[in-house]
Every structure is written in structure tokens, then in C-alpha cells.
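This report goes through one protein model, from its overall form down to single residues. Please look at the sequence and the structure first.

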Amino acid sequence: MNFIPLYPEMFLLVAICAILLIDMFLSDGKRNLTYVLSLLALAVTAALTVGTADSGTSVYVSNNMFVSDPMSVMLKLASYAAVAMTLVYSRQYVTDRGMSNGKLGGEFYVLALFSLLGQMVMISGNNFLVIYLGLELMSLSLYALVALRREHTVSTEAAMKYFILGALASGFMLYGISMLYGATGSLELAEVSKVAASATANKTILVFGIVFLVAGLAFKLGVVPFHMWVPDVYQGSPTAVTLLLGGAPKLAAFAITFRLLVEGLFPQAVDWQQMLVVLAVMSMAIGNITAIAQTNLKRMLAYSTISQMGFMLLGLLSGVSNGSSALAADAYSASMFYSITYVLTTLGTFGVIMLLSRSGFEAENLEDLKGLNKRSPWFAFVMLLLMFSLAGIPPLMGFYAKLSVLQSVVATGQIWLAVVAVLFSLIGTFYYLRVVKLMYFDEAQDSNLINPTADVRIVLSLNGLAVLVMGLLPSGLMSACLNAIVKTLAS
């Protein structure tokens, strides 16, 4: 059996176990070694992913349960970068708050890597149960991370809500998978698609299975009406964990939504597309409108995430009804590009928030951003770029991401849907611009100097500049997304 495509996952699993064992014997003053080893493991995993990729073709292993294709390779590399940036931004935060000292050891780094391993399995899963196992590995790691501050009541409450609702969503997905298995007799995506397109499948059971499956996916994406956990978990989690939640897992969520609905259930697209339309519109409406009323910065960004995920769904549903394979690939690639754009922007946003936080003080409220321009003009400018990108203001990356998705929606003839998306984006611009107003036009309430470490200063600066450069020159990443989707669909 050919195990070469599995080398990245196998190496990362061994590396995580080794890091956990090494961390057990480290004294408090040497905890940075766990951080360094984690980054090294990510670098080697990325090198193996590139080295084992089969020149733009799809390779199926383990009885077709696992696939290595251009889309999975690209999303995995983006996930590695997202987790690496998360670890860089979080190191000082984690150290200052005792989340990485003798009391808790290196659990933050180990659980972050375990969640990444789950995401890798999700991204490359070609079987319903394999995807589900990857989803549970990621979710269980994130549940534990949310509850890291055991003595913190709000964190414990958030962890309980996340776990209970996550278990409910997992039950929805498993029940949906069982119904799809009953209707098709298979758990392999290609076989399910083949049977679903035939006249032998029980269409009633298929539809019910899709309803439960989409409900589970909607929870993992955090879209309305399965969004109730997002604001509480974002607010209650340590900011480093909130960043981990809002970053790489969104790429994996896009991947499994694409795998399950497009690759596995495309013959039933007329059913799940209507569900995605409702989810997208409700998410953009409730996410943007509710965010305006928030004074807590993390809750505001949580509702922003809900609206952004709704926008991402527009690309996925637009690949169905245009009748052209080329236009469908454009729509899916626009959704993929949007996901990467959102993750990159979110990483920088929470990076700035953690930069403003310090031991004994959490920068969680909008007022904490007042006068940031006077305290640090450069990082205020970086935050301005990130807010403008989230709002979709040209010439930043977020503008091109929104434009490409809207073009895909218009190509399907659903003009009304594009108009609704634009209107809610305009509403959302208010709370992003409010952050800019606080930074540049309000008096600072905190006179403490902002003195980040060299690695944070460099990575955060590059993060902000990347949002600008890829907005001015988006064709490279967009072409890479399109190429990955086209080759994946062709196989």
C-alpha cells in the first residue's frame, strides 16, 4: 500500500508525542523549547506535504478513504501557516498568563498541533467517517483549549457551552451520515455521489440525511441559526485560543463542506443549495446587525465571523446553478480564496489584540483601542488595513475576495442575492470603521508602551502588508485557488 501521501500526518503525530514527552521534563525557564519545537514540526510537516504532492494530480490511499489532491495540499499549507502565526502571536500571551508554566506545561502547543492534525484529516478525507474522525480530533482539542483557564468562571462556562453544543452538532452529522449510508450503501464520497445520481437511491432518506448533515456543518462554520456558541466561546476563551478557533479551523470547515456537498452530494445540489441560501442570508443579516451593538471587541469579531462565513457560503452555493463547469470552478475558487483571506485577516486582528494585552490586563473592549495611533502609529496602521480588508474596502485583499464571490453569485442570475450581500456588507462597514475612529480620533486611556518581541513585530507587520499587497496583486493567489479547484474537480 502506498503510504507516501500520509507521511505529513504520520510525522506530525510522532512529533506531537515527542514534544509532549520532552515538555514533561522541561523546567519553567525552558518552556520556550516547546514553542521552538512546535514551529520546527510545522516546518517539517509543510516540507513533507510539498514533497509528497504528486504534481497536481489526486492520489487515493487507504482504500480510497484518504486523498491527496491540489486543493488539500494548498489548504494544508495555509493551515500550517495559520497555526504557526498563531503560535508566534500567542507565545508571550501564553507565558504571561501561566498557560505554559509549571502549572499547565506545554498543553497549549500540543493541543494546538493535535487540532491541526484533525484539520489535516478533515481536509484530505474522502470518506464520511474519516472526515468525522478528523472533525472530532480537532473539536476535542479545541474544547480542552477553551477550558485551559480552569479557575476562570467565564472560560469554564464557554467550554461547557462549546462542548455540549458541539456534541449535539456531532450527533446531527452522525445521524445524517447514517441516513446517507442507508440510502446509498457506501461511505465513500465518489460512490455516494454515483448512487445519489442514479434512480436506485431513496430520495426521501437522502434529503433527510442532507438536512442533518448541513445542520452539523453549519455549527462548525458558526452560521445562523447554529451560531449561538460563537460569541460566548470567543469572549470566554483566552485570546490565544480565540485566535486558534477563528483561524485554521475555518479552512478545514470549508474543505469538508466542499468535500461532502460538492464532491459527495452534488446530485442533490438542488436541496442543499436552498439551505445554504437561507444560512448565508441569515448569517450576513444577524452577524452584521448584531455586531453593531457590541462593546466587547471579541464578541464583535465573533459576530463578524458569522457574517463572513455567510458570505463564504455564497461562493459554494453559486457553483451549482450556472450550468458551466468553468463558472462552477470560479465560484468554488472564489469561496476558497475568501476563506484564506478571512483567516489571514483574522490572524492579524487578534495578533494586535494580544499585542495590547499584558499580564493582568486583557484588551477585550473597544475602548482599549482608543488612541492606539499615538501609542504605536505602525500597529495602528496595520489594524487599519485589517479592518478595511474585513469591511471589503479597496484596494485591500478583502475587497477582491468579496468582489470575486459577488461575481460568482451574479453569474448564476441571482441578482437579488448579490444585492442583499452588498447591503449587509455596507451595514457591516460601520463597526469596522468604528475601530479605526477609536484608534485615530479618541484619546488614549492607556499610556503603557507597546513593546513586542522581534518575532511578533516582524510577523504581524508582514501579515498586515500581505493583506495590502495581495489586494493590489490578487491574481497570484486567486489563480492558485482556481488551479487547485479545477484539478481537484477534474480528478
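In what follows, buried means under 20% relative accessible area, exposed means over 50%, and partly exposed lies in between (1.4 Å probe, protein chains only). The model is a predicted one, in which local features need pLDDT of at least 70 and side-chain atom pairs count only at pLDDT 80 or more, while totals for chains, interfaces and linings use all residues. Residues are numbered from 1 along each chain as its sequence is written, and side-chain values use heavy atoms, with hydrogens and water left out.

**Overall form**

The protein has 20 helices and two strands. These are DSSP runs numbered from the N terminus (helices are H or I with at least four residues, strands are E with at least two). Along its principal axes, the C-alpha trace spans about 70 × 55 × 40 Å. For 491 residues, a compact globule would have a radius of gyration near 23 Å, and the 21 Å of the protein agrees with this. That radius is taken over C-alpha atoms, and the globule rule is 2.2 Å times the number of residues to the power 0.38. Of the 491 residues, 62% count as buried.

Helix 11 covers residues 248-264. Its 17 residues should span 24 Å at 1.5 Å a residue, and its end C-alpha atoms are 23 Å apart, which agrees. The expected span is 1.5 Å times one less than the number of residues.

The buried residues of helix 9 are Trp229, Val230, Pro231, Val233, Tyr234 and Gly236. Asp232, by contrast, is partly exposed, with a relative accessible area of 23%.

**Salt bridges**

A salt bridge is counted when a side-chain nitrogen of Lys or Arg is within 4 Å of a carboxyl oxygen of Asp or Glu. By this rule the count comes to 10.

Arg91 counts as buried at 15% relative accessibility, whereas Asp455 counts as partly exposed at 21%.

Arg299 is buried, with a relative accessible area of 17%. Glu157, Lys161, Asp232 and Arg299 are linked in a network of salt bridges.

**Cysteines**

A search of the whole structure finds zero disulfides, a disulfide being a pair of cysteine sulfur atoms within 2.5 Å. Cys17 is partly exposed, with a relative accessible area of 38%, and Cys481 is buried at 0%.

**A nonpolar surface patch**

Trp378, Phe381, Leu465, Val469, Leu472 and Leu473 make a nonpolar surface patch of about 540 Å². Patches are made of residues with over 30% relative accessible area and no salt bridge; like charges are joined within 9 Å, and nonpolar side chains (Val, Leu, Ile, Met, Phe, Trp, Tyr) within 5 Å. Accessible areas come from the Shrake-Rupley method with a 1.4 Å probe, and for residues only the protein chains shown count as cover. Helix 16 (377-391) and helix 19 (454-472) each supply at least two residues of the patch. The largest share, three residues, comes from helix 19. Trp378 is in helix 16 and is partly exposed, with a relative accessible area of 34%.

**Backbone details in loops**

The peptide bond from Val224 to Pro225 is cis, with omega near 10 degrees. Pro225 is in the loop between helix 8 (203-221) and helix 9. Another cis peptide bond joins Pro394 and Pro395, with omega about 5 degrees; Pro395 is in the loop between helix 16 and helix 17 (397-411).

Ser62 has a positive phi of about 55 degrees although it is not a glycine, and Asn63 likewise has a positive phi of about 55 degrees. Ser62 is in the loop between strand 1 (59-61) and strand 2 (66-68), where Asn63 is also found. Are these residues buried or exposed? Ser62 counts as buried at 18% relative accessibility, whereas Asn63 counts as exposed at 66%.
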